[in-house]
Amino acid sequence: VWYHKPAINEELLQSLPNLKVVASAGVGIDHLDLKLLSSYGVKVSNTPFIVSTDTADMGMALMLASSRRLVEGHEMAVSPGTEYFPVDWLGVEVSGATLGILGMGKIGYKVAERAKAFEMKILYHNRNQRKKEEESAVGAVYCKKIDDLLQQSDFVLLALTLTPQTHKLIGKRELELMKPTATLINISRGLIVDQDALVEALQNKVIKAAALDVTYPEPLPRDHPLLKLKNVIITPHIGSATKKTRWVMMEEMAESIEAGLAGLPIPREVL
């Protein structure tokens, strides 16, 4: 399964009575019905480890690009109508700012490692608190309540798995808790954010900006209001899109399929 295709539904499963393994690229499994697959005796694998480094890099890239207004700056620099660069055209500081990470799994923790090098104050919320030595290694402070993280952060980065509990976790109320100078960064799944509420918050300056590698749907309709806002950066879901990582993802998927066909334990099996 690559980019959620083909759709693994009951019709497909019925047409493939000898199916043993579904190997899915990437970390997310929200596109797979695990109970349905299990009922057909089909095992599932994904590639959760190899994508974390590149996706964390993408999170930092989006934070830097948004804070320093790189897309706007590029457009100004190459525009035929530009005659001078305004001296009051300013971005905001990343170094020393407060980063709130929602979801401190493999990707979230790697973001924290990178943010430490920028001398950022790091807050995080997770289902389970990290070990003290892990927190100390990156200087992260655990927030038991999401609200506390949202209120204190200059940048809020989403690195969550999409589940029924995280579906539209960030809505109107949560956006209004954020600082009016804050930026929302999403490198997880589009449906974790209520997109209509985000549009309203950006239009009304409830928050300063958003940097999104994921939306719903993907791509957005060409007339979607998010595409018209200057304080938004959108990239085409390329968190893991480097040559090396995509090659290794394919290798890992092939390994899982081979193991499943041979009746051996499946590497990276989703249980």
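Predicted model: local features only at pLDDT ≥ 70, side-chain atom pairs only at ≥ 80, totals over all residues.
Visitor: What is the volume of the largest cavity?
Guide: The largest cavity has a volume of about 40 Å³.

Visitor: Which residues line the largest cavity, and what makes them lining residues?
Guide: Asn186, Gly190, Val193, Gln195, Leu198, Leu212, Val214 and Thr215 form the lining. Each is counted because it has an atom within 4 Å of a cavity point. By class, the lining comprises four nonpolar, four polar and no charged residues.

Visitor: Which parts of the chain make up the two domains?
Guide: Domain 1 covers 10-49 + 242-262, and domain 2 covers 51-80 + 91-234. Their centres, taken over C-alpha atoms, are separated by 29 Å.

Visitor: How do you know that domain 1 and domain 2 are in contact?
Guide: The model has 10 residues of domain 1 in contact with seven residues of domain 2. About 730 Å² is buried between the two domains, and carbon and sulfur atoms give 56% of that area.

Visitor: Why is the meeting of Asp30 and Arg189 called a salt bridge?
Guide: Their side chains meet at 3.1 Å, N to O. The rule asks for a side-chain nitrogen of Lys or Arg within 4 Å of a carboxyl oxygen of Asp or Glu, so the pair qualifies. Across the interface of domain 1 and domain 2, the rule finds one salt bridge. The side of domain 1 that touches domain 2 has four nonpolar, five polar and one charged residues.

Methods: Residues numbered from 1 in each chain as written. Heavy atoms only, no water. Domains from an automatic or database assignment. Contact = heavy atoms within 4.5 Å. Buried area = accessible area lost by both parts, 1.4 Å probe. Nonpolar A, V, L, I, M, F, W, Y, C, P; charged D, E, K, R; others polar. 1 Å grid on protein atoms, 1.4 Å probe; cavity = no way out; pocket = protein on both sides within 12 Å on 5 of 7 lines; lining within 4 Å. Points joined across faces, edges and corners; volume = space filled by probe spheres on them.
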